[in-house]
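Here is a quick tour for someone who is meeting this protein for the first time. Have a look at the sequence and the model, then read on.

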Amino acid sequence: MNKTAITAIHAFEVLDSRGRPTIEAHIKLACGVEASAQVPSGASTGTSEAHELRDGDPLRHCGLGVRNACKNVNEEIANLLNGSDALNQPAIDQLMIDLDGTPNKSRLGANAILAVSCAVARAAAIATGQPLWRYLAASRTPVLPLPMVNILSGGLHASKAMEFQDFLAIPWAAQSFAQAMEWITAIHRSTRELLEQRGAYFTGVADEGGWGPRLKTNEEALQILTRAIEHAGLIPGDQVSIAIDVAASHFFENGEYRLASENRSMDAAAFIDLLETWCKKYPIVSLEDGLEQNAWHQWPSLTKRLGSQVQVIGDDFLTTNPARLIRAIEANAANAVLVKMNQIGTLTETFTVIDTARAAGWGAVISARSGETEDSFLADLAIASGMGQLKVGSITRSERLSKYNRMLVLEQTQTIPHWSQSPALLPPRWAISTG
Ligand code: PGA
Ligand code: ZN
């Protein structure tokens, strides 16, 4: 038998960072190699994401159990892949897609399929004696990515204390990943100090580890983050810029963007005006889901207005879906895609999205979910993508740190070019200093 043939697959129900069930898949190869992978889960999900299969049994985990998805791995998928060569990732992923037979992986579950897809890749990397990032990169040029790090949270990740979901810091002028994280921890600390001065009361952190305060307005978060960068001894815009994930679908009601905490609503044109004003007033360089996920007619206007200044990212809008990405590229509807493996459900399709974005001259940001696990797979994926950008939340929860810490160790133990050595990867406004 081929040494890299799959000889066993098992899936187990484990828990994610919100204490909800998720899947861990284990793979064995004929050569004796064993590997596993865990899958994450979103909260502010896009409607065209692949289907996450939940048991729906109200007596267990409020219906969120994944025993049926595990059973699908242990029976149908294990039977299908037994004897397949783990080195042939595209064939394995295609076999699972065909076995599922639905357009959105709803029969077997994208969670079941993705757990196996990632565990296969990890086993193949071990069997061929390569670090995961090197194996995944194949012919792509690996790059140590620039992190965009969540500092303040709102939306569905922080009980809607404010509507905008993520306010993030991009330490783009740092000269190493280690320096980037040092700057970020300083900004995270100074943000807390500023919030305390304003009387914010802390009982914990939001789903991605950022501060989730109740502020008077969404704009106040931008004021605080800009000040926090200064308080950390850094120069807003020149050293550290700001990204926002608006996650606009989640406060789009009856045709309007409704900022309930501010008691006001806007149509798309007024909302684009507001975003443009903020992009001029604050050092914002990246804007994610600035419009709701079905606004195909308005995304091109947003990109036309802001795209030369700002990275315009589609997350819920594009859902790591190759067909939606191609449509958006043809319509000039954004200029970057957020990449979340579980939005599409296989590693091969994830790379299709990454490579399609690259070929179109778009950016791609490799991203975690708000419900994560300690699996650091996506740190390696981010390096392997060669796209130079990473988004995995804040710095206070270990499911986030498993990715950041993997980067910190890889930076010191492997020779991987750093984002600043590939300035063409990042939007033009980020005048990367290579000195
Ligand atoms: P989610 O949030 O994982 O809850 O979808 C992350 C994001 O919107 O980027
Ligand atoms: Zn998002």
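## Ground rules

A residue is called buried when its relative accessible area is under 20%, exposed when it is over 50%, and partly exposed in between, using a 1.4 Å probe and protein chains only. The model is predicted, so local features need pLDDT of at least 70 and side-chain atom pairs count only at pLDDT 80 or more, while totals for chains, interfaces and linings use all residues. Residues are numbered from 1 along each chain as its sequence is written, chains are lettered from A and ligands numbered from 1 in the order in which they are written, and side-chain values use heavy atoms, with hydrogens and water left out.

## Two threonines in one loop

Let's begin with T320, which sits in the loop between β12 (311-314) and α9 (322-330). Helices here are DSSP runs of H or I with at least four residues, strands are runs of E with at least two, and both are numbered from the N terminus. Is T320 buried or exposed? T320 counts as buried because its relative accessibility is 0%. Its side chain reaches the backbone nitrogen of K340 at 2.9 Å. That is a polar contact, meaning a pair of N or O atoms within 3.5 Å; within protein, one must be able to donate a hydrogen and the other to accept it, and residues adjacent in sequence count only if both atoms are side-chain atoms. Setting aside neighbours within four places in sequence, T320 is in contact (heavy atoms within 4.5 Å) with L338, V339, K340, Q343, I344 and V353.

T319 lies in the loop between β12 and α9 too, and it is buried, with a relative accessible area of 0%. Most residues other than glycine have a negative phi. T319, though not a glycine, has a positive phi of about 45 degrees.

## The zinc site

Which residues hold the zinc ion (ligand 2)? Its protein donors are D245 (OD), E288 (OE) and D315 (OD), at 2.1 to 2.2 Å. Donors are N, O and S atoms within 2.8 Å of the metal (3.2 Å for Na, K and Ca), and sites may look incomplete because water is not among the atoms. Along the chain, the donors are spaced as D-x42-E-x26-D. D245 in strand β7 (residues 241-245) and E288 in strand β11 (residues 284-288) are 43 residues apart, so this pair links distant parts of the chain. Both D245 and E288 are buried.

## A buried histidine

H418 comes in the segment after α13 (398-413). With a relative accessible area of 5%, H418 is buried. A polar atom of its side chain lies 3.3 Å from the backbone nitrogen of S176. Not counting residues up to four places away in sequence, H418 touches V143, L144, A174, Q175, S176, F177 and E411.

R20 is found in the loop between β1 (6-15) and β2 (21-29). At 31% relative accessibility, R20 is partly exposed. Leaving out residues up to four places away in sequence, R20 touches V14, L15 and L64.

A138 is in the loop between α4 (132-137) and β4 (146-147). A138 is exposed, with a relative accessible area of 54%, and its phi is positive, near 50 degrees.
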